[in-house]
Amino acid sequence: MVHDLIYAAIAVVVVGGGTAGLVPYLKSRRRSLPPGDQPAPGSSGSLSRGGTESGGTGTGTLAPPEPGTPVAPPDLTTLPEQVPEHVIEKPPPSAGRLTRLRGRLARSHSAIGSVLLSLISSGHLDEQSWEEIEDTLISADMGVGPARELVEELKTEVKVAGTNDPAVVRDMLRTDLIAMINPELDRTLHLARHGDRPSVVLVVGVNGTGKTTTCGKLGRLLVGDGKTVVLGAADTFRAAAADQLQTWGDRVGAQVVRSEREGADPASVAFEAVNVGIQEGVDSVIVDTAGRLHTKTGLMDELGKIKRVIEKHGSVDEVLLVLDATTGQNGLRQARVFAEVVDITGIILTKLDGTARGGIVIQVQRELGVPVKLVGLGEGPDDLAFFDPAVFVDAILGG
């Protein structure tokens with residue numbers, strides 16, 4: 001039977017014009033073969049998953065591929081890329097930060113110091129010299145009243161001492177400047193826990209002062225001092241604010257409470273942040289707020305609402321106003337309006353390394369009766385420091 005099939009196939013190829021006639025013939029012939037002579041399915045060499053030949057009566061081994069036949073690469077399992085674990089940073093403690101950052105402060109205030117010292121070092125302090133000293137202090141945003149008061153005090157001291165010795169006059173100026181900054185003001189951040197609840201810090205200010213960044217840096221500073229912190233992203237009007245604060249929190253392992261919905265009620269976010277702080281037993285909760293325009297009454301009223309809602313958990317321990325030191329008198333106007341809405345307990349002056357107008361420290365303290373508690377001296381994560389009047393004055397005078 002098989003021989004007949006072969007001879008017939010040859011005849012079809014020869015007579016029918018090649019293999020085109022062979023295919024239909026084979027199909028019809030296969031259908032006519034008795035069951036025992038049917039070729040097994042897959043006898044053309046298809047492979048089963050086990051890797052053996054599925055047709056015929058062979059041994060089940062595979063023949064080597066014909067020369068020139070592409071060979072599929074081995075089926076290797078690709079291992080997932082190893083993602084390094086997130087490393088929690090350990091910030092340095094707050095102690096001595098301002099001393100370490102003193103060089104930056106000195107560079108930005110060298111113009112004031114050099115003018116003052118040049119006038120004092122002349123050894124001849126006439127009326128014109130005193131006027132120039134007063135003008136220099138006013139240009140540093142000290143304000144006309146405080147500058148005039150300082151100059152009159154210094155003139156009296158020089159006259160009583162009967163000396164124009166530059167070193168002596170410089171020491172007098174240093175003492176008077178420190179006194180005007182008022183080292184007796186309580187610059188402590190009140191962050192002690194109250195029984196089963198954490199201390200609460202509300203951070204306020206207008207857009208562009210570095211308020212959200214300052215919240216992150218403050219949280220980092222407290223973590224460096226061994227405290228546990230929750231950050232509340234209650235600035236729900238600026239899309240990037242919550243993400244920015246989240247990044248700061250992730251770096252030091254601080255939990256961030258936020259709303260995924262833009263424009264959510266900021267008072268609700270602030271309330272929940274304090275609630276989480278109580279449940280987690282942390283030391284402090286720092287609440288960021290929207291950058292309010294001090295000219296917008298509705299927004300300022302909302303700030304008061306946030307404070308009232310938080311106080312349902314207990315008192316707000318600190319309300320810190322963030323001011324940009326480069327804005328000068330405009331920053332002072334902002335401070336006045338904020339003080340009318342919430343009880344400001346302290347001021348954070350940012351960008352103090354980028355201006356020669358550090359006299360705002362004296363003027364804003366006098367205006368509000370509130371101390372400058374922290375200063376920002378750069379863009380680095382650990383460039384926020386507790387304010388020290390003596391270090392500040394020494395940096396100005398180059399002492």
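Of the contacts in the protein chain between residues at least 6 apart in sequence, 74% join residues at least 24 apart, a contact being a pair with heavy atoms within 4.5 Å. The model is a predicted one, in which local features need pLDDT of at least 70 and side-chain atom pairs count only at pLDDT 80 or more, while totals for chains, interfaces and linings use all residues. Residues are numbered from 1 along each chain as its sequence is written, and side-chain values use heavy atoms, with hydrogens and water left out.

The protein chain has 15 helices and 8 strands; these are DSSP runs numbered from the N terminus, helices being H or I of at least four residues and strands E of at least two. Buried residues account for 43% of the 399 residues, where buried means under 20% relative accessible area, exposed over 50% and partly exposed in between (1.4 Å probe, protein chains only). The accessible surface of the chain comes to about 20300 Å², and carbon and sulfur atoms hold 55% of that area. Such areas come from the Shrake-Rupley method with a 1.4 Å probe, and for residues only the protein chains shown count as cover.

The interior can be described through its nonpolar cores, each a set of buried Ala, Val, Leu, Ile, Met, Phe, Trp, Tyr and Cys residues joined through side-chain atoms within 4.5 Å. The largest has 75 residues, and Ile-310, Leu-349 and Phe-392 have the most contacts inside it. Helix α8 provides the largest share of this core, 7 residues. Apart from it lies another core of 23 residues, which include Ala-233, Ala-254, Val-256 and Leu-320. As for Ile-310, beyond the residues up to four places away in sequence it touches Val-200, Leu-202, Ala-270, Val-274, Val-287 and Val-316.

Where is empty space left? Rolling a probe the size of a water molecule over the atoms shows this. On a 1 Å grid over the protein atoms alone, a cavity is a set of points where a 1.4 Å probe fits but cannot get out, and its lining residues have an atom within 4 Å of a point. Grid points are joined across faces, edges and corners, and a volume is the space filled by probe spheres set on the points. The count comes to 1 cavity of 30 Å³ or more, and the largest cavity holds about 110 Å³ of space. It is lined by 14 residues, of which Met-142, Leu-177, Gly-359, Phe-392 and Ile-396 are the closest to its centre. Helices α5 (110-121), α8 and α15 (389-397) each supply at least two lining residues, and α15 gives the most, with 3. By class, the lining has 11 nonpolar, 3 polar and no charged residues; Ala, Val, Leu, Ile, Met, Phe, Trp, Tyr, Cys and Pro count as nonpolar, Asp, Glu, Lys and Arg as charged, and the others, Gly among them, as polar.

Ser-284 belongs to strand β4 (residues 284-289) and counts as buried because its relative accessible area is 1%. Leaving aside residues up to four places away in sequence, Ser-284 touches Leu-191, Pro-198, Ser-199, Leu-222, Thr-228, Val-229 and Val-230. Gly-346, in strand β6 (residues 346-350), is buried at 0% relative accessibility. Its C-alpha atom is separated by 7.3 Å from that of Glu-318, 28 residues apart along the chain. Leu-377 lies in the loop between β7 (372-376) and β8 (384-386) and is likewise buried, with a relative accessible area of 0%. The C-alpha atoms of Leu-377 and Thr-350, 27 residues apart along the chain, are separated by 6.8 Å.

Asp-141, in the loop between α6 (127-139) and α7 (144-161), has a positive phi near 70° although it is not glycine, and it is buried at 8% relative accessibility. Asn-182, in the loop between α8 (166-181) and β1 (199-204), also has a positive phi, near 65°, but is partly exposed at 27%. Just after α14, Gly-369 takes a positive phi of about 70°.

Key
On a 1 Å grid over the protein atoms alone, a cavity is a set of points where a 1.4 Å probe fits but cannot get out, and a pocket is an open set with protein on both sides within 12 Å along at least five of seven lines; lining residues have an atom within 4 Å of a point.
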